[in-house]
Amino acid sequence: MAIFKHHAKLETLEESLNESLKRELREEEKFQFAEFDEADVERSGYSNYSYWRSTLRVFSRNKVAMVLLVLMLVLVVFTFVQPYLPGQIDHFQVNNDSSTGLPLRNVPPGKTVTLTDGTDFTFILGSNNIGQDLWSNIWAGTRTSLFIGVAVALVEATLGILVGVLWGYVRKLDFLFTELYNVLDNIPTTIVLILVAYILQPGVGTLIFAMSLTGWIGMARFIRNQIIIIRDRDYNLASRCLGTPTYRVIFKNLLPYLVSVIMLRMALSIPSNIGYEVFITYIGLGLPATTASLGNLINVGRTLMLSPALRYQLIYPTIVLSIITISFYTIGNAFSDAADPKNHR
Amino acid sequence: MLRYISKRFLRSILTLVIILSVVFILLRQMPIEGYFPNYDKMTKSAIENGIKQLGLDQPMYVQLFRFFRDLLKGDLGISRVYRNNVAVTEILAPKIPISLKLGSLALLLSLVLGLPMGVLMARYKGRFFDHAGTVFIVFVEAVPAAVYYLFIQLYGTQYLGIKMLFDESDWMSWILPVFSMSLGNIAYYAMWVRRYMVDEINKDYVLLARIKGMKSSSIMFKHVFRNAFVPMAQYLPTSFLNTVIGSIYIESLYSIPGMGGLLVDVIKRQDNTMVQAIVLLFATVGIIGLILGDLMMVLLDPRISFGTKAGNR
C-alpha cells in the first residue's frame, strides 16, 4: 500500500541530484588563473540550456505520459463540471420509481426508468443499493478523493519545505529538529492514521489532518540534507556578502535545485493518499456515508460483490481509482526521468 | 559498535515512551462509553462508580504513571467491551502466533518470488520481462488491495475448490491468504531489487569482471546481487515484524483469528483498552523493526560507519 510513498524512482532522482550538487572542482581547475580569452567569452556568453525547457522537452517526448496528463486534467475539470451538465441527478438524491414509488435500488447500468416526476432517466452506470445514481456518485466521490489527495500533498509540501529550510539553514535548530525527526520518523503512518481517525470526528478535514501529520517528514528530511550541501557554496557566500536577504537566497538560490524532487514527491503522494482513504474507510473509520468518496463507494461495492449482477457497483469505482493511480504513477515516473539532468540533451 | 547500539536503543525507548504517552492521553479524550459494555442501560451512579473503580477520575499524570507501572509488570489492562473483564494479554496471546505463522509464510513467499523477479527485471532491463514486471507492480499498487483480495478470494474458492474461510488445521485454506498477503511485498521487493541492481550493473567493477572473462550469471549473483541486497536488508526486520500485526484486510476477509482483524473489531466496538494495547504493540513492533533494520545494514556492509545514522535516505 505504501509502495508509492517510498518509491525507487524517487530515490534515483534524489541521488542523481545529489551527485550533481556534490560535484567538486578538480584540483587543477581550482588553482588556475582566469585569463581573458575572447573565444571563451563568445562560447559561454550564451547558453541555450534551460533546465525547465529541457525537462519539458524530454517529458513531452513520452507520449503515454502526455496522454495521461491530458486525461487527468480533463478528469479533474469534469468532476467539477459534471453536476452542471444537463440531465444530471444530484448524487445524494434517492430516486423513486414512478409507478411503485419505491426507491430504484440496484438498477443495472444503462437501463432507462421513469422517475416520480415523470421524466425518463437513464442510469449510465446503474444505481446503488439505496437508489442513488452511481454515475454522479462516482464523480462526486472522485472529487472528494482527489481533493483529499491534493490537499494532503500540498500541506506536506508546504510544511516539508518550511521545516526543511529552517532545519537546514538555521544551525541552532539543527539539533532540535534532528532529535524531533528521530522520534517522529519512528512512528508508523498507519498507526497515526488509525488513531487520529478513531479519536476525531470522521470527516474530510480529519482525514487530511491525519494524513498530513506524518507525510511531511520525508520531504523535510530531504530538503534539509540538500540545503546543508549547497548552503555554503561560494555563490551563496557571495550572495550573503552582497547583502541579499535570506529569503531571497532560499527562494532564488536553494529551492530551484529541489523543485523536481518536490514535484515528484507530490505526484506520488496523491495516489497513496487516495489509497489511505480507501484503507481507513475499510476499517470503519472513514468518511461518513453521506459524503461520497471512492473509499465509501468501494466499501459499499465490496459488501455487494458476492452477487455477480451487482458487481458493477464495485468495479466502476475501482476502475476510476485505478486509472487515477496509474496516471499519477506514469506521469510521476516520466517526470522524474525528464527532470533528471542526466537525461537532458 | 556497542555504543552505537545502546544509543540507538535508548533513543528508541524514549520514542516509545513519548508515543505511548501521547496515545494514552489521546485515548482518554474519547467518550467514556468505551469502558462500559452496556453504557445505555447504566444509571448515573453506576457510571460514576465505574469511573472511580477504573481510576479515570484521577488526574492525567497519575493515570499515566499507573499505566506505565502496569506496563512494566506486563499488564495491559482489562478489556471492557470486546470481552468483558478479560485481561487484554489473555486475548492477545493466542492471536499472535497465528498472525506470525501466516505472516512469515507470506514473507518467505514474497522473498522467493520477489527477489528473482527483481533480478530478472534488471537483467533484461527495457525488454519484455522488465515491462511485464512493471505492469505487475503498477497493478498491485493501483488497484486497491481491498478489491483484488476480494477477487482472489472469490475466484480462488470458486475454481480451486478451497474453503472460503480460514481453518488452521486445513493447509489448503492457508494458500489464498498467504498468496494474497505476499502480493504487495513481491511487488515491493522486485521494485527495489531492480533499482539497486540497475545501479550496481553500471559500476566499473562489473566492467572489470566482464573484461576478466567472468560469466554473466556469476557476475550477477556473486557481485551485483550481493551488493544490491545490502540496502534491501534494512526492510527485512520491519517486514518480518509486521507479520505479527498481520494483515488487517486479509484477516477480516478470511475470518482469521489474528491481530489485524482484531484491531478492526475493537475499533468498531470502541473498546479503548484494547485499541490502546494493540496500538502499543504495533508501535513497539515498528520501532524494533527500524532498529534491527539499521543494525542489519551495519552488519552486512562494513562501509557503513556506526556513527552516522543508517538509512540516511
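Here is a short chat about chains A and B of a predicted model.

Biologist: Hi! Which ground rules apply here?
Modeller: It's a predicted model, where local features need pLDDT of at least 70, side-chain atom pairs count only at pLDDT 80 or more, and totals for chains, interfaces and linings use all residues. Residues are numbered from 1 along each chain as its sequence is written, while chains are lettered from A and ligands numbered from 1 in the order in which they are written.

Biologist: Thanks! How many helices and strands are in chain B?
Modeller: Chain B has 14 helices and 2 strands; these are DSSP runs numbered from the N terminus, helices being H or I with at least four residues and strands E with at least two.

Biologist: And how do α1(B) and α14(B) cross?
Modeller: Their axes come within 10 Å and cross at roughly 160 degrees. Axes are lines fitted to C-alpha atoms, for helices over the stretch in contact, with angles from 0 to 180 degrees between N-to-C directions. The two helices are therefore roughly antiparallel, a label for angles over 145 degrees.

Biologist: Nice. Which residues meet there?
Modeller: Among them are B:I5, B:F9 and B:L16 in α1(B), and B:V275, B:L280 and B:I287 in α14(B).

Biologist: Switching topic: how many residues of chain A are in contact with chain B?
Modeller: 31 residues of chain A are in contact with 37 of chain B, where contact puts C-beta atoms, placed from the backbone, within 7 Å.

Biologist: Which element of chain A gives the most to that side?
Modeller: That's α13(A), with 7 residues.

Definitions and conventions
Angles under 35 degrees count as roughly parallel, over 145 as roughly antiparallel, 65 to 115 as roughly perpendicular and the rest as oblique. Two residues are in contact if their C-beta atoms, placed from the backbone, lie within 7 Å.
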